[in-house]
Amino acid sequence: MYRDNLKEIMYEFKKYYKDLSEEDLFIKDLSKREIAIIPFENDIMIRHMSFNNPKTLKEYIEKNTPLHLYYSSAYYREPHATDMNSKGWEGADLIFDVDADHIPTDCKVNHDKWKCLNCNFQGIGQTPESCPNCGQKKIELISWICENCLNVAKEEVFKLIDEYLIPDFGIKIEDIEICFSGHRGYHIHVLSENFKKLSNDGRREIVDYVKGIGLEPRLHGLKIGGNGSIIGPDPKDPGWRGRIARAFYEYINKCTLEELRSIIGKSAEIIIRNKEKILEGIMSNPSSWIGLNKVGIGKITKIINIAIKDILCNIDERVTIDIKRLIRYPNSLHGKTGLKVCRLSYNDLEKFDPLKDSVVFKSGEMKIYVKEIPKIRIEDYEIGPIKDMEIEVPKSLGIYLLCKGAAELAH
Ligand SMILES: [Zn+2]
Ligand SMILES: [Zn+2]
């Protein structure tokens, strides 16, 4: 990025942080958190800082405008200690990262590109786990914020909270804080004391649970009865038992013969022929898995494994497992977009429009030279796809494109 562009972004960021109130910088037990920034001058993170209160933090970031601002999910006795082992870990918030990067969406072919840093092989759409050409995992992603992807991410947040965190883990709604990341997703912070001391392994178990990893339907009520009949869980059962029954019901209800055949072969015909009877049985009280004897428990398990795909949570497990994670500071600016990391309550989420509500540079225009962008929207302003063009745009969009490195200041 040219020096000029960076100077312009820094000027705007500095103004933003100057106007920020101390309340905006309030977080639970700030004095026990490690604070870190990535400065404008270079890409080197400055870590191991600590501040006693929002006032002293605000003074610091006013003087040292950060491109990115982070705090630790962990609480430490000595957050400023430079050696991780000397910090005195006292616990950490339980955090979930829901990001469009990890959720497959059809629109990614329109706005995302990736490139293997090892062999330069390139592609569009969802980034593969490893390069299909050379197998290496060093892949660079050129991604864009997209309205559809953000909506899918929001649905994912509701799923995680409504269907897992509240009913299965007993987490209270008031202990949940949601942050729009300022880019392509949301962070869900659980601030409850009950989870604070949980180790990496404990958090790994929670990840496996919400991602359905290692799920074995036979341990959740699916079995063969005395006379060879199939016995299954009840849709009204709590936890995974009910979830398995409901997912199986939904899948049988909507699948075609061809889809089913691709999973279990010829037995698909038995299910389609008895469909009404099977669905009625599962929903009756008590639930009864009739009409499935000849299909067999192995094939039913296969169907369940496909049926639950839509109800699993697409989270980035690394974030949840890490008990010393640095995470974006609420109300800070994301240096790759200029958008605000918005703190939301559960009730705010439904009507939250990230492409509007996280915009902070609201007044003024800017003349920029755009290199290449897909179709994008910021507030009510839509643009693109365009390439190699000089245009005047609202400052919010201008800063966004400068931050993305997709445009230069025009003179
Ligand atoms: Zn490669
Ligand atoms: Zn998209």
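Biologist: Is C116 buried or exposed?

Modeller: A residue is called buried under 20% relative accessible area, exposed over 50% and partly exposed in between, using a 1.4 Å probe and protein chains only. By that rule C116 is buried, since its relative accessible area is 0%. Please keep in mind that this is a predicted model, in which local features need pLDDT of at least 70 and side-chain atom pairs count only at pLDDT 80 or more, while totals for chains, interfaces and linings use all residues. Residues are numbered from 1 along each chain as its sequence is written, chains are lettered from A and ligands numbered from 1 in the order in which they are written, and side-chain values use heavy atoms, with hydrogens and water left out.

Biologist: Which residues coordinate the zinc ion (ligand 1)?

Modeller: Donors are N, O and S atoms within 2.8 Å of the metal (3.2 Å for Na, K and Ca), and a site may look incomplete because water is not among the atoms. Here the SG atoms of C116, C119, C131 and C134 coordinate the zinc ion (ligand 1) at 2.3 Å. Along the chain these donors follow the spacing C-x2-C-x11-C-x2-C. C116 belongs to strand β7 (residues 113-116), whereas C134 sits in the loop between β8 (122-124) and β9 (139-142), so the two of them tie together parts that are 18 residues apart in sequence. Strands, like helices, are DSSP runs numbered from the N terminus: at least two residues of E for a strand, at least four of H or I for a helix.

Biologist: What geometry does the site of the zinc ion (ligand 1) have?

Modeller: Four donors count as tetrahedral if all angles lie between 85 and 135 degrees. At the zinc ion (ligand 1) the angles among the four donor atoms run from 106 to 115 degrees, and the site is tetrahedral.

Biologist: Where is P132, and what does P132 touch?

Modeller: P132 lies in the loop between β8 and β9, and with a relative accessible area of 56% this proline is exposed. Contact means heavy atoms within 4.5 Å. Once neighbours within four places in sequence are set aside, P132 is in contact with W114 and F121.

Biologist: Which residues are the protein donors of the zinc ion (ligand 2)?

Modeller: They are C107 (SG), H111 (NE2), C146 (SG) and C149 (SG), which lie 2.1 to 2.3 Å from the zinc ion (ligand 2). The spacing of these donor residues in sequence is C-x3-H-x34-C-x2-C. Their four donor atoms subtend angles of 104 to 117 degrees, and the arrangement is therefore tetrahedral. C146 and C149 are both buried.

Biologist: Which residues meet where helix α8 and helix α11 touch?

Modeller: From α8 come L260, I263 and I264, and they meet K299, K302, I303 and I306 of α11. Axes are lines fitted to C-alpha atoms, for helices over the stretch in contact, and angles run from 0 to 180 degrees between N-to-C directions. Helix α8 (residues 257-264) packs against helix α11 (residues 297-307) at an angle of about 120 degrees, and their axes are 9 Å apart.

Biologist: Which peptide bonds are cis, and which residues other than glycine have a positive phi?

Modeller: In general, most residues other than glycine have a negative phi, and most peptide bonds are trans. In this model a cis bond joins N285 and P286, with omega about 0 degrees, and P286 is in the loop between α10 (275-283) and α11. Another cis bond, also with omega about 0 degrees, joins G384 and P385, the latter in the loop between β18 (381-383) and β19 (386-394). H48, which is not a glycine, has a positive phi of about 60 degrees; H48 is part of strand β2 (residues 46-49) and is buried at 19%. N331, again not a glycine, has a positive phi of about 70 degrees; N331 lies in the loop between β14 (326-328) and β15 (343-344) and is buried at 9%.

Biologist: How many helices and strands does the protein chain have?

Modeller: The protein chain has 15 helices and 20 strands, and its C-alpha trace spans about 80 × 50 × 40 Å along the principal axes. Of its 411 residues, 53% are buried.

Terms used:
Tetrahedral: all angles 85-135°; square planar, octahedral: opposite > 155°, others 65-115°.
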